[in-house]
Amino acid sequence: VIRCRAAVAWAPGKLSVEEVEVAPPKAGEVRIKLVATGICCTDEHLLQGCFPNAEFPVIPGHEGAGIVESVGEGVTSMKPGDKVIPLCHPQCGECSFCRNPESNFCQKSHFSEAQNLLPDKTSRFSCKGKQIHHFLWVSTFAEYTVVPEYAVAKIDAAAPLDKVCLFGCGFSTGYGAAINTAKVKPGSTCAVFGLGGIGLSVVMGCKAAGASRIIAVDINKDKFAKAKELGATDCINPRDFQKPIQEVLTEMTGQGVDYSFEAIGHADTMIAALASSNMSTGVCVMIGELDSGSEISIDPTLLLTGRTWKGTVVGGSWKMRDCIPKLISGYLEKKFNSDTLITHTLPFAKVNEGFELLRAGK
């Protein structure tokens with residue numbers, strides 16, 4: 001058993017840095033010494049009590065990178081000392097979805113069966129004599145974590161862990177939403193709603209796919225310079241207009257964009273993103289997470305005329321164990337610069353300050 005620090009959410013609200021006990025890995029599991037973790041809006045959803053089927057007390061965090069400390073019986077794909085990314089979206093390789101080349105979903109993921117406890121329905125975390133739940137199996141807000149082998153990707157030993165932790169969720173989700181989910185075509189027009197880490201990664205994906213026009217949409221003008229640096233051709237603030245933003249985008253492009261992406265998680269911007277795609281062949285990809293239990297009402301004509309509305313779950317339609325190592329090889333070959341997404345680097349004890357910066361749009 002390892003004693004280390006972890007940021008525990010005893011209930012919705014604030015995180016508390018505590019000493020926790022991390023049990024050794026059982027058969028088919030890997031114990032990882034985490035080196036770096038990103039803070040993502042999904043963690044904020046959890047802290048607000050808005051994430052579906054989550055249980056408290058819990059160690060949040062799902063976007064991390066580390067080094068294998070020990071492995072359980074039967075683990076063959078990695079060994080102590082290997083650099084790895086724990087995956088909040090598993091790839092068991094055996095379910096019908098994993099065997100489908102067109103699917104990146106896994107039936108062991110949280111949306112099919114909660115990932116609050118490890119597959120044997122027990123936790124590897126305890127604190128003050130109490131069982132602590134896992135979050136999406138990965139719980140990267142801990143100095144050590146235990147994850148099933150099929151939810152871990154072994155990566156290149158040259159990868160800088162403090163930079164590639166973003167590939168566990170934010171970068172891969174946004175970049176993949178453009179490349180894989182939407183399949184953006186060269187010469188097309190795109191609109192990206194929300195310029196956080198995921199939205200900016202969508203911008204990078206649209207640029208890599210050869211889009212000729214990428215319109216970035218956000219109410220925070222401080223995000224525009226970085227969006228342009230990463231490939232946005234236009235940046236617009238909905239508050240600068242008297243009319244709905246979908247009408248502005250339709251006028252800017254003549255008939256609406258070819259591809260639109262919602263990376264915020266609000267019902268009204270999801271409808272606006274759908275309506276801003278062109279009515280014949282437009283594709284709108286939903287990436288942002290609505291609060292658990294939310295519903296959206298739309299005019300069915302938006303879809304009846306020919307638009308496609310699709311979602312991408314964590315990972316941007318990549319089969320995570322197969323594709324994250326390849327994406328990181330692309331990063332090492334300087335095919336894209338995801339480092340631009342990193343705005344602050346804080347010591348672990350200041351995790352709550354990190355959330356304050358997130359809430360402030362910084």
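**Ground rules.** I number residues from 1 along each chain as its sequence is written, and side-chain values use heavy atoms, with hydrogens and water left out. Because the model is predicted, local features need pLDDT of at least 70 and side-chain atom pairs count only at pLDDT 80 or more, while totals for chains, interfaces and linings use all residues.

**The sheet.** I looked up the strand order and found 5 strands in an open sheet, β8-β3-β4-β5-β9, with antiparallel pairing; strands are DSSP runs (E, at least two residues), numbered from the N terminus, and two of them pair if DSSP finds at least two bridges between them. β8 (144-148) and β9 (152-154) stand at the edges with a single partner strand each, so one side of each has no neighbour in the sheet. I then checked β3 (residues 29-37) against β4 (residues 64-71), which run antiparallel and are joined by 7 bridges, and noted Arg31 opposite Ser70 in β4.

**The record.** UniProt, in an unreviewed entry, places "domain: Alcohol dehydrogenase-like N-terminal" at residues 27-156, with the caveat that annotations may be inferred rather than shown by experiment.

**The helix pair.** Helices are DSSP runs of H or I, at least four residues. I found that the axes of α4 (residues 170-182) and α5 (residues 197-208) come within 7 Å and cross at roughly 40°, axes being lines fitted to C-alpha atoms over the stretch in contact, with angles from 0 to 180 degrees between N-to-C directions. Where α4 meets α5, contact means heavy atoms within 4.5 Å, and the residues involved include Phe171 and Tyr175 in α4 and Ile198 and Met204 in α5.
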